[in-house]
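Please examine the sequence and the structure before reading on.

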2 protein chains.
Amino acid sequence: MSQVVVPPGDVASRPLRADARRNREKVIAAARAAFAEQGREAQMDDVARRAEVGVGTVYRHFPTKEALLEALSEDTFARIAERARGKLDREDAWAAFEELMWEAGDSLAGDRALTEVMAARAPGAPCPGQLELTDIVAELIRRAQATGDMRPDVVVEDVPMLMCGVGSATSRPHPCEEAWRRHLAILIDGLRASAASGRLAR
Amino acid sequence: MSQVVVPPGDVASRPLRADARRNREKVIAAARAAFAEQGREAQMDDVARRAEVGVGTVYRHFPTKEALLEALSEDTFARIAERARGKLDREDAWAAFEELMWEAGDSLAGDRALTEVMAARAPGAPCPGQLELTDIVAELIRRAQATGDMRPDVVVEDVPMLMCGVGSATSRPHPCEEAWRRHLAILIDGLRASAASGRLAR
DNA sequence: GACGATACGGAATTGACGTTCCGATTGTCA
DNA sequence: TGACAATCGGAACGTCAATTCCGTATCGTC
């Protein structure tokens, strides 16, 4: 929670002044909240207000709104990737995969901006965290297909697409707040080998 | 294609002048193209340019960008609803439902704005076309569940949510342009009664 | 073909944000 | 405690896109 985002300057920049570090934390927390709630539409002024800080201070720590958004989502991806890594030990690959999907869904459901960032930059230039996550998911998919639990025509790239969908459905007003769980449950059932009614189009 | 959107004024507004009607058509066509391509981000100036018309003219016909967007999507919904109505005669409800999903997916894939509009205004205040579509889908679901083809815990509200997801995955850069078909195929398989691994959370 | 009434075009206005700037503060180190 | 550098705060600026305005051009009618 504190290692979020390396300091501004490049290498060897001396440690931040006490008040600066404090403010940086406040900005990050405020930005998390603002973007989670309102998506990338949240305004820098709003972030500053929530952090009880001037806009200038926000910009002192992050050169750009985009950079701030980027930093936050990279951090989130990294966190998900870390949990995912732990699942590689699991015996049951399908179960591990399913768990991972639920955890990712949780993150997406709680953070509107995350879905938006993910959608906006699909397979082009993933951030490190996303990259690692992809590797892990690929491995889980491979194993789950080997055991015959997952349909064999699924590919890694399908996952962010599907999760993007889950997230987007979450972003907007919906009957019950937990609607995304229904969505994901249906998807997961559709990913089982036993559910395949045909081969997925190339 | 021509009945799109009733004239501006309220009742009894005399018929539009010839050039006005012509321009209105051009504006609608241009707006379709622009919003389909770029989503709601497309600019009014761009719409005007494509229509070979001044911005003022666009505003003469639609008081607001929002209104224009609304008119277009209502029209699209109405069109989908019409095709859907035809499917109520089909013997095989599941097949009819599946077909409908594919057709809707096609519409969403070809029109970025449609997904965005749909997502932005989920179950709050649906437009007439969406309302009718919902009724038809509800009926198809009922029948498909009765025959045991569709899992029994699906409800109508799930459908726009799922399709919203399909659409959102489409909106953004993706490996292959037809990726949404994979997404939808997985969803549909997950909706089969035979795929259900448990009951969907309330 | 002359006269309103309509409609048009597109420059100008407005409002909303992201970002920059700079005088005022505050932390750090001697 | 004093001096200097790192930070702040938040007003001011610039850009971009929606919307308005109004002089000009067209249509429909007599």
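Helices (H or I, at least four residues) and strands (E, at least two) are DSSP runs, numbered from the N terminus. By this rule, chain A has nine helices and zero strands. Its pattern along the sequence is α-α-α-α-α-α-α-α-α. The C-alpha trace of chain A spans about 60 × 40 × 25 Å along its principal axes.

The model is predicted: local features need pLDDT of at least 70, side-chain atom pairs count only at pLDDT 80 or more, and totals for chains, interfaces and linings use all residues. Residues are numbered from 1 along each chain as its sequence is written, while chains are lettered from A and ligands numbered from 1 in the order in which they are written.

Helix axes are lines fitted to C-alpha atoms, for helices over the stretch in contact, and angles run from 0 to 180 degrees between N-to-C directions.

| Helix pair | Angle | Axis distance |
|---|---|---|
| α5(A) and α9(A) | roughly 150 degrees | within 11 Å |
| α5(A) and α8(A) | about 35 degrees | 9 Å |
| α1(A) and α4(A) | about 90 degrees | 11 Å |

Angles under 35 degrees count as roughly parallel, over 145 as roughly antiparallel, 65 to 115 as roughly perpendicular and the rest as oblique. Two residues are in contact if their C-beta atoms, placed from the backbone, lie within 7 Å. As for residue classes, Ala, Val, Leu, Ile, Met, Phe, Trp, Tyr, Cys and Pro count as nonpolar, Asp, Glu, Lys and Arg as charged, and the others, Gly among them, as polar.

Helix α5 (residues 93-109) and helix α9 (residues 179-191) of chain A cross at roughly 150 degrees, which makes α5(A) roughly antiparallel to α9(A). Glu98(A), Met101(A), Trp102(A), Gly105(A) and Ala109(A) of α5(A) make this contact with Trp180(A), Leu184(A) and Ile188(A) of α9(A). Six of these residues are nonpolar, one is polar and one is charged.

In the pair α5(A) and α8(A), Ala104(A), Gly105(A), Leu108(A) and Ala109(A) of α5(A) meet Met163(A), Val166(A), Gly167(A) and Thr170(A) of α8(A). This contact has five nonpolar, three polar and no charged residues.

Helices α1(A) and α4(A), the latter covering residues 65-87, pack at an angle of about 90 degrees, and α1(A) is therefore roughly perpendicular to α4(A). Here Ala31(A), Arg32(A) and Phe35(A) of α1(A) touch Leu68(A), Leu69(A) and Leu72(A) of α4(A). The classes are five nonpolar, no polar and one charged.

**The two chains together**

The same surface serves both copies, as 100% of the contact residues of chain A recur in chain B.

In this interface, 36 residues of chain A are in contact with 36 residues of chain B. On the side of chain A that touches chain B, α6 (112-120), α8 (158-171) and α9 each supply at least two residues. The largest share of that side, 10 residues, comes from α9(A). By class, the side holds 20 nonpolar, eight polar and eight charged residues.

**The surfaces near the DNA**

A residue is near a strand if its C-beta atom, placed from the backbone, lies within 6 Å of it. Which residues come closest to DNA strand C? Of the 22 residues that surround DNA strand C, the closest are Ala18(A), Asn23(B), Gly54(B), Gly56(B) and Thr57(B). Two or more residues each come from α1 (18-38), α2 (44-51) and α3 (55-61) of chain A and from α1 (18-38) and α3 (55-61) of chain B. The largest share, four residues, belongs to α3(B). This surface has eight nonpolar, seven polar and seven charged residues.

Around DNA strand D there are 22 residues, of which Asn23(A), Gly54(A), Gly56(A), Ala18(B) and Gln43(B) come nearest. At least two residues each are supplied by α1 and α3 of chain A and by α1, α2 (44-51) and α3 of chain B. Helix α3(A) gives the most to the surface near DNA strand D, with four residues. The surface near DNA strand D divides into eight nonpolar, seven polar and seven charged residues.
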